[in-house]
Amino acid sequence: MNWVCVALVVCGLAASGAAAQAPSGEAAGERSLDAAAERIGLSVARDAPLTIVAEELEAARGDDGRERVVFRKAVRVEQGTLTLHCDYLEAIYPASAGGQPETITARGAVRITQDDTEVRCAQAVFRNAACSAVCTSAARPAQLRRGENIIEGREIHFDLCSGRLKVRGGQVHLPGAGAETSQP
Amino acid sequence: MNASRSGRGGARRVLLGVVLAALGCRAEPPAASAPSPRPLPPATLLGVEFEGFSGEARDVRVRAVHAEVDSEAQLVRLERVKIEFEDEARGTVVIEAERAALRLDSDDFVLQGRIEGHLGAGEHFETTEVHYEHASERLWTDHPVELRRAGLHLRGDAMEMDLVSDRVHLKGHVEARMTPR
């Protein structure tokens, strides 16, 4: 699915007011997740090293047993061609040992880029169980840009399992398709 | 080993202090009513080895090629130190340092030179200076530190660890690199 198709999906969701698809509950294979990510325009190179650079890191275990890892100041995450910049990055791990973080929160001038795709917002929250990422901004709209095509909104919801987007309070610019759609 | 009985006792207390500190335990303070012993003259110990047992099982071993015990200054200097102990969570922990300076009166210590630690389960750390303050149970270094385990390489220009809350703080040019296995 190309970028215009992604945008059309967004338009369709916006027009119908439908919520983004909930994760099916069935274990989605890595391949389907990768395909979903590509539909969004951001693919993950799972076999590439993941590097996080920051000025500070703090790790502590909370009273509830959850481990909290925080990177602060000039945070940069790189994996393959995917890059994330922000001021603050927090990962919460479940009390049970090992596994993926439950939640990853990036705050402060969040910018995710890969090839000609760029996402900008004030806060991005990734929830593993919900298979979702939500980009929100208050002062300026959250923005998803790919080439000349732009999606803006107060909130952009990425369904990472299905590869669908949902935009709240925003608009879509599709110069190539000569279309512009707004949503209150 | 060249050591008097009392000299060995001093080294034992110090080395036990190191291990307890490394484990995040507080050493028991001396009883208030106990008479303070006369300071011993400075002693040099060669080939120091201390082993601590829990029942039949050895749970700690500290070795140093050279040690100077100054009980008047309440200071012990060790060279080429190797500390091994069993940790419930990590298994066998081994820490090696070129030099160590230990305060007998506070159980504070400084490790210096090339410092390497193997924390069990393939975990490894390296730095060149580590301070421990017993009163606050705080461990820190203002020198670059590297931590490695399978698939993870972590570094920073400085580190602070609160042993009470088990909080770790890496500062300055922090880099975490995770390699898929």
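In chain B, residues 24 or more positions apart account for 35% of the contacts with a separation of 6 or more, where contact means heavy atoms within 4.5 Å.

Two remarks on conventions come first. This is a predicted model, in which local features need pLDDT of at least 70 and side-chain atom pairs count only at pLDDT 80 or more, while totals for chains, interfaces and linings use all residues. Residues are numbered from 1 along each chain as its sequence is written, chains are lettered from A and ligands numbered from 1 in the order in which they are written, and side-chain values use heavy atoms, with hydrogens and water left out.

Let me stay with chain B for a moment. Chain B contains 1 helix and 11 strands; helices (H or I, at least four residues) and strands (E, at least two) are DSSP runs, numbered from the N terminus. Read from the N terminus on, the order of elements in chain B is α-β-β-β-β-β-β-β-β-β-β-β. Chain B has 181 residues, of which 38% count as buried. Buried here means under 20% relative accessible area, exposed means over 50%, and partly exposed lies in between, with a 1.4 Å probe and protein chains only.

I turn to the interface. On chain A, 16 residues are in contact with 16 residues of chain B. The size of an interface is often given as the accessible area lost when the parts come together. The area buried between chain A and chain B is about 1,400 Å², and carbon and sulfur atoms give 50% of this area. Buried area is the accessible area (1.4 Å probe) that two parts lose on being put together, summed over both. Of the area that chain A buries against chain B, A:Glu55, A:Leu57 and A:Glu58 supply 32%, more than any other three residues.

What links the two chains across this interface? The rule finds 1 salt bridge between chain A and chain B, a salt bridge being a side-chain nitrogen of Lys or Arg within 4 Å of a carboxyl oxygen of Asp or Glu. The side chains of A:Glu58 and B:Arg167 meet in a salt bridge at 2.6 Å, N to O.

Strand 1 of chain A, residues 50-61, gives 11 residues to the side of chain A that touches chain B, the largest share. Strand 1 of chain A pairs in the antiparallel sense with strand 11 of chain B, residues 167-178, over 9 bridges; two strands pair if DSSP finds at least two bridges between them. Within this pairing, A:Glu56 has B:Lys171 as its bridge partner.

Strand 11 of chain B also holds B:Val168. Is B:Val168 buried or exposed? B:Val168 counts as buried because its relative accessible area is 18%. Leaving aside neighbours within four places in sequence, B:Val168 is in contact with A:Leu57, A:Glu58, A:Ala59, B:Met159, B:Glu160 and B:Met161. In the loop between strand 10 (158-162) and strand 11 of chain B lies B:Asp166. B:Asp166 is not a glycine, yet has a positive phi of about 60°. With 47% relative accessibility, B:Asp166 counts as partly exposed.

Within chain A, strand 1 is joined by 10 bridges to strand 2, residues 67-79, and the two run antiparallel. A:Val69 in strand 2 of chain A stands opposite A:Ala59. The hairpin of these strands has 5 residues between them, and there A:Gly65 takes a positive phi near 90°. Strand 2 of chain A is in turn joined by 11 bridges to strand 3, residues 82-93, again antiparallel. In that hairpin, with 2 residues between the strands, A:Gly80 takes a positive phi near 60°.

B:Thr127 is buried, as its relative accessible area is 6%. The side chain of B:Thr127 reaches the backbone oxygen of B:Pro144 at 2.9 Å. Not counting residues up to four places away in sequence, B:Thr127 touches several residues, among them B:Gly113, B:Ile115 and B:His143.

Methods: Polar contact = N/O pair within 3.5 Å; in protein donor to acceptor, adjacent residues only side chain to side chain.
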